[in-house]
Amino acid sequence: SIAKWGSSIAQRWLFSGMNTIISVSDSVRSQIIRYVPEAKVLTIYNGISAEKFGHYPREESRLPLGLGLEEQVVGTVARLIPSKGIATLLEAVSLIAKILPRLHLVVVGNGPERSKLEQYSKRLGLASKVHFLGWRDDIPGLMAGWDCFTLPSFSEGFNLSVLEAMASRLPVVVSDLPALREAVVPGKGGLVVRPGNAPELAAALLHVLKDPDKARAMGKFNRERVDTFFGEERMVQCTRALYEGMMT
């Protein structure tokens, strides 16, 4: 289309004036190098303050929701827009709710789809199982009370919520997207599923929740992976090294 062609020209013009471009993931880099020479684009992963995560009491984290330690809790953090796949997640939860009668879903985030998703959860018979919390600034404490994190998006750049869940020692179930595969190691830190496939997402969640020992091992692997590759300090050091190299 003309609009797409115009956007392409504008991006080429914008990038042409830059000596070096920092990409937050290799998948984003692959998009940028369509417009500029490959050597111009360097990936430096976004980092998080991992030390903020993994230190909160599990029971305390569940109290505000009225959930005991015997409940199984899946959580997600996302803007409530269609591309995040929350409707698919609700369908997946409805498929396994009878198999796991103590299952609860916690949805953190706001957005234009919230009301529609709340109504959809009620139509699926999940009114008492799904907790829409809206925007929160206590994510480390909330994640401490979860058994699994999931992000069923249709598209992603490089998602920090996934890294926060990994830092919280949670197994993760995410969509099989290039950027998410850069963070998540399938089979070791979690599972990947096709976007929009509710039965596949349901099976993956069931697989994780039915095997607590495996889930704990995945969570331990994820924390070590974040500490090694996705720490805030590493991101700063890589960025500083890049700028210092450009100044010499």
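Buried means under 20% relative accessible area, exposed means over 50%, and partly exposed lies in between (1.4 Å probe, protein chains only). Keep that scale at hand for the tour.

**Before you start.** This is a predicted model, in which local features need pLDDT of at least 70 and side-chain atom pairs count only at pLDDT 80 or more, while totals for chains, interfaces and linings use all residues. Residues are numbered from 1 along each chain as its sequence is written, and side-chain values use heavy atoms, with hydrogens and water left out.

**Whole chain.** Show the cartoon. It has 11 helices and eight strands. These are DSSP runs numbered from the N terminus: helices are H or I with at least four residues, strands E with at least two. Of the 248 residues, 48% are buried. Contact means heavy atoms within 4.5 Å. Of the contacts between residues at least 6 apart in sequence, 68% join residues at least 24 apart.

**The sheet.** Select the strands in the order β5-β4-β3-β6-β7-β8: they form an open sheet of six strands with parallel pairing. Its edge strands are β5 (130-134) and β8, each pairing on one side only. Two strands pair if DSSP finds at least two bridges between them. On average, neighbouring strands here are turned by 20 degrees against each other, direction ignored.

**Inside the sheet.** Go to β3 (residues 72-77) and β6 (residues 148-151). Two bridges join them in parallel. Pick G75; its bridge partner in β6 is F149.

Helix α4 lies across β3, β4 (103-108), β5 and β6, at about 170 degrees to β4. Axes are lines fitted to C-alpha atoms, for helices over the stretch in contact, and angles run from 0 to 180 degrees between N-to-C directions.

Select β7 (residues 172-175) and β8. Four bridges join these parallel strands. V173 stands opposite L191 in β8. Now look at both faces of β8 (residues 190-193): G190 and V192 are buried on one side, L191 and V193 on the other.

F230 is buried, at 1%.
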